[in-house]
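I open this notebook to record what I looked up around the ligand and in the strands beside it. The entries follow the order of my reading.

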Amino acid sequence: MTTTDPVIDARQFRNVLGSFCTGITVITTLDVAGEPIGFACQSFAALSLDPPLVLFCPTKESRSWAAIELNGKFCVNMLAEEQQPVCARFGSREPDKFAGIGWNTSEFGVPVLDDALATIQCTVDRVVDGGDHYIVIGRVQALSESSDSGRPLLFYRGQYTAIEPEKSTPAPWRADLEHFLTTTTLDTWL
Ligand SMILES: Cc1cc2nc3c(=O)[nH]c(=O)nc-3n(C[C@H](O)[C@H](O)[C@H](O)COP(=O)(O)O)c2cc1C
């Protein structure tokens, strides 16, 4: 912080940032004993297409991040609309977050949650300091999406919400975007 930086009120910061609606992921790994570990995470984003990179931001206190750092690989599980209880479990500090949750270890060696909308398996590529969080950049190793057309669980102003299908319309620039994505890298755009 420099002497010219304004003081930002913490409550206002949370309220304003909470107005940015996001999906919710559960980021998972295996600890040194081979036990599954994970936490709910909304600070996930696509970063680059070539090379394929994604990012997420764990708090420096996160026990899950400590396990991911040791393992060097993780899985991003994008939650579906019906998975509110899964989010509540992985957003808690319960000791056994996987109790009663369906999952399996992928060939790549990370826990993949049943019924996730999509999953992205990654190696940790780089870690950048981000104040009281880290910015973890992951290199994509495998991707999958569920075969049924499920809808995502969303988080907005501290509450779960969902897409209203009748209000979903294709963006007019969708064709342009698809052309853009096949000819350009995301990191030149971001
Ligand atoms: C909807 C939702 C989104 C969250 N997003 C994040 C996040 O982006 N980064 C983070 O560090 N914690 C986030 N959390 C909080 C963690 O999931 C929570 O602190 C968890 O208990 C950390 O557990 P751990 O210490 O086992 O990693 C989120 C929680 C919820 C419910």
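Entry one. I worked from a predicted model. The largest share, three residues, belongs to β3.

Entry two. I then looked up the make-up of the shell. I found nine nonpolar, eight polar and three charged residues in the shell around the ligand. The shell holds 20 residues, and those that come nearest to the ligand are S43, T59, S62, S64 and S92.

For A40, a backbone N or O atom lies 2.8 Å from an oxygen atom of the ligand. At C57, a polar backbone atom is 3.0 Å from a nitrogen atom of the ligand. I also recorded the cover: on its own the ligand has 640 Å² of accessible area, and the protein covers 83% of this area.

I returned to β3 and asked how many bridges join β3 to strand β2. I found that β2 (residues 25–30) pairs with β3 in the antiparallel sense over six bridges. Within this pairing, I saw L30 opposite P36 of β3. Five residues lie between the two strands of this hairpin, and in the hairpin G34 takes a positive phi near 85 degrees.

Definitions and conventions:
Residues are numbered from 1 along each chain as its sequence is written. This is a predicted model: local features need pLDDT of at least 70, side-chain atom pairs count only at pLDDT 80 or more; totals for chains, interfaces and linings use all residues. Side-chain values use heavy atoms; hydrogens and water are left out. A residue is near a molecule or strand if one of its heavy atoms lies within 4 Å of it. A polar contact is a pair of N or O atoms within 3.5 Å; within protein, one must be able to donate a hydrogen and the other to accept it, and residues adjacent in sequence count only if both atoms are side-chain atoms. Accessible areas come from the Shrake-Rupley method with a 1.4 Å probe; for residues, only the protein chains shown count as cover. Helices (H or I, at least four residues) and strands (E, at least two) are DSSP runs, numbered from the N terminus. Ala, Val, Leu, Ile, Met, Phe, Trp, Tyr, Cys and Pro count as nonpolar, Asp, Glu, Lys and Arg as charged, and the others, Gly among them, as polar. Two strands pair if DSSP finds at least two bridges between them.
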